[in-house]
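I opened my notebook to look at what is packed inside this protein and where gaps remain. Come along and follow my entries.

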Amino acid sequence: MIPKVFREVIDLGDGRTISIETGKLAKQAHGSVVVQMGDAMLLCTVVSSYKPTTADFFPLTVDYREKFAAAGRYPGGFFKREARPSDGEVLTMRIVDRVLRPLFPSDYRFETQVMIQLMSHDENVMPDALAGLAASAAIQLSDIPIEAPVSEVRVGRIDGKLILNPSQKQLEISDIDMVIGATEDSVMMVEGELKEISEEEMVEAIRFAHDAIKAHCKAQVKLAEAFGKKPTREYAIAPSSEEIAAKVRDLAYDKIYAIAKAGSSKHERSDAFDAIKEEVLAAFTDEEKAENESLIKNYFYKVEKEAVRELTLAEGLRLDGRKTTEIRPIWCEVAYLPSVHGSSIFTRGETQALATVTLGTSREANQIDMPSFQGEEKFYLHYNFPPFSTGEASPLRGTSRREVGHGNLAQRALTNMIPADCPYTIRVVSEVLESNGSSSMATVCAGTMALMDAGIQMIKPVSGIAMGLISDDKTGRFAVLSDILGDEDHLGDMDFKVTGTTDGITACQMDIKVKGMPYDILIKALNQARDGRLHILGKITETIAEPNVNVKPHAPKIITRTIPGSFIGALIGPGGKVIQELQKVTGCTIVINEVDEQGVVEILGTNQAGIDAVLAKIDSMLFKPQIDSIYKVKVIKILDFGAVVEYLDAPGNEVLLHVSELAWERTENVTDVVNMGDEFDVKYLGIDPRTRKEKVSRKAALPREPRGPKKEVVKHQTPKTEE
């Protein structure tokens with residue numbers, strides 16, 4: 001039986017379209033769609049369990065995978081099968097998760113899995129920009145409760161013109177690369193890399209994206225209506241009690257407010273709140289606690305959130321005693337680690353990052369092998385968030401999605417400030433040693449200083465700040481918070497990270513938890529963020545104002561030299577013999593890449609003498625003597641018919657100096673004129689047409705002795721005899 005297919009088409013207005021189709025594939029999933037743009041096709045399915053979990057959070061999992069067959073390729077590695085997700089796939093999972101999660105009911109506790117798979121790839125379409133649309137469309141076709149349809153688009157800008165869902169090639173010349181997620185009414189998520197654009201330009205790009213997203217949301221509603229959307233499922237609502245809620249508020253609100261207003265440290269505040277929570281629990285009987293302990297704790301959390309938010313809205317004060325625009329105390333240090341190529345410590349309040357820089361050749365570039373993108377990164381940043389940074393003990397189970405996302409944000413913040421002609425591959429690692437708010441922004445600041453300490457000639461230093469928002473729809477009050485704490489992120493309505501130089505924004509990441517945030521609040525947050533990050537930038541430049549002129553003595557120096565492609569084989573030698581021996585003798589690492597039929601030789605070493613030896617070898621290989629030029633040579637072998645000499649400026653380049661070219665006078669024995677080790681000048685005469693070999697002359701480089709007057713030859717005559 002041929003399935004009935006339902007389809008909606010979104011016109012992008014420039015000849016391109018996006019289609020959303022359902023009814024053909026994966027019909028046992030609770031919702032499934034195929035989203036297509038050009039030849040790119042994403043299959044998205046969603047399933048949500050009908051049995052609630054015991055978790056006290058919404059167990060949502062978003063998976064995004066790219067199938068290598070989609071691009072007609074085989075997976076790399078020994079096992080020809082897709083394995084763990086790449087960083088690129090993880091980043092796509094995160095941008096979809098962040099826009100979806102706030103829209104589910106707060107009391108929904110049913111395990112839900114969204115799976116998005118790239119089944120067909122188009123090199124002119126970046127599939128991650130379609131993933132959010134696919135996920136939302138699949139949910140709209142199911143009975144899973146969600147507040148509203150959402151979608152995501154990527155925005156680029158070329159020559160001042162904003163474009164939707166640009167291709168990878170277009171992004172290479174774009175000064176904006178932002179992914180925006182939104183409902184029809186509200187912007188929910190922003191993630192992007194920008195080339196020092198202004199706050200006003202960023203807001204313009206967000207508005208442009210939101211206008212396009214509105215059409216995506218309407219198309220999902222139309223598709224669901226045509227398909228016959230299932231009624232939203234009913235599920236058991238969590239128990240509630242107005243009596244318990246009132247009792248908890250009466251017992252806790254004033255005490256929490258007082259502690260919040262006192263302005264204490266993270267652990268002092270946490271201990272004090274825990275003590276109040278224990279007092280509240282003690283006010284209930286054992287029978288009441290046995291039946292309602294989780295409900296009591298939930299109401300306590302709500303009271304805590306209410307008191308902290310009211311303190312900020314009413315008095316402009318925060319949990320640590322700061323005002324809304326105030327930045328926590330900052331101290332910095334560079335060159336802390338003696339053996340690394342570059343290092344720094346950035347500490348802001350109770351957040352601390354230790355960054356290191358390692359310099360290498362192109363061999364150390366980060367290789368990216370995805371069906372939708374293949375390439376390499378010569379600058380990359382890794383972010384580690386160990387449990388001790390928050391005073392916890394937990395097992396290490398590999399790099400988390402959060403670590404991948406925070407590292408990527410910091411990398412994008414810095415990448416455009418690395419000079420295009422920097423010869424090094426650069427790896428920055430941020431070790432978060434303490435965390436109470438915005439460790440990713442601490443990573444940006446620490447990374448900037450470590451790069452400058454390493455002698456990388458950054459175009460401009462970069463700083464970052466995390467902004468928050470507390471708002472009250474009933475009264476219209478709101479407060480934008482600079483440099484938020486972890487608790488303010490948790491209890492607030494927005495987490496907005498902005499990085500930049502003195503001249504503009506380089507990266508951003510925003511998650512909004514409230515509906516319909518006005519653009520005027522967004523603009524206020526951006527302007528306040530600029531003031532904050534410039535303040536932080538001042539603290540950075542007080543510590544290290546300019547990049548170090550040179551790399552550290554123990555750090556490798558890198559020299560690049562371009563040679564004709566025809567010489568690559570000679571430098572490598574048979575079986576790599578020449579280059580391996582050269583590396584062994586000089587202690588340098590030598591990497592050769594062929595680019596446009598030229599050989600680009602990278603020489604990396606800590607010993608300048610070793611680098612000079614490699615350069616001398618290359619110069620020797622490339623040495624071509626010019627006719628009638630004078631060169632200094634050294635005798636390295638004596639033969640019966642001449643001497644083998646070596647050019648001193650090009651060791652390894654030998655030529656025969658024939659006995660007839662040693663001196664102007666006749667030479668019987670070579671050693672009458674030169675001996676082993678002698679150094680002298682010769683003139684290069686080019687190729688001898690008789691022997692077809694190179695010819696040099698010592699005598700031609702010497703002044704010819706003038707000849708004396710011609711001697712009269714007296715012939716011997718026999719005397720005449722008298723007859």
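**Gaps and cores**

I sorted the lining of the largest cavity into four nonpolar, three polar and two charged residues (Ala, Val, Leu, Ile, Met, Phe, Trp, Tyr, Cys and Pro count as nonpolar, Asp, Glu, Lys and Arg as charged, the others, Gly among them, as polar). I was working on a predicted model, where local features need pLDDT of at least 70, side-chain atom pairs count only at pLDDT 80 or more, and totals for chains, interfaces and linings use all residues. Residues are numbered from 1 along each chain as its sequence is written, and side-chain values use heavy atoms, without hydrogens and water.

I noted the lining residues of that largest cavity: Glu21, Thr22, Gly23, Lys24, Leu25, Ser32, Val33, Val34 and Leu43 (a cavity is a set of points on a 1 Å grid over the protein atoms alone where a 1.4 Å probe fits but cannot get out; lining residues have an atom within 4 Å of a point). Strand β3 gives the most to this lining, three residues (strands are DSSP runs of E, at least two residues, numbered from the N terminus).

Next I looked up the largest nonpolar core, which has 88 residues (buried Ala, Val, Leu, Ile, Met, Phe, Trp, Tyr and Cys joined through side-chain atoms within 4.5 Å; buried means under 20% relative accessible area with a 1.4 Å probe, protein chains only). Met178, Met202 and Phe496 are among the members that touch the most others. I then found a second, separate core of 49 residues, including Ala70 and Tyr235.

How values were computed. Buried means under 20% relative accessible area, exposed over 50%, partly exposed in between (1.4 Å probe, protein chains only). On a 1 Å grid over the protein atoms alone, a cavity is a set of points where a 1.4 Å probe fits but cannot get out, and a pocket is an open set with protein on both sides within 12 Å along at least five of seven lines; lining residues have an atom within 4 Å of a point. Helices (H or I, at least four residues) and strands (E, at least two) are DSSP runs, numbered from the N terminus.
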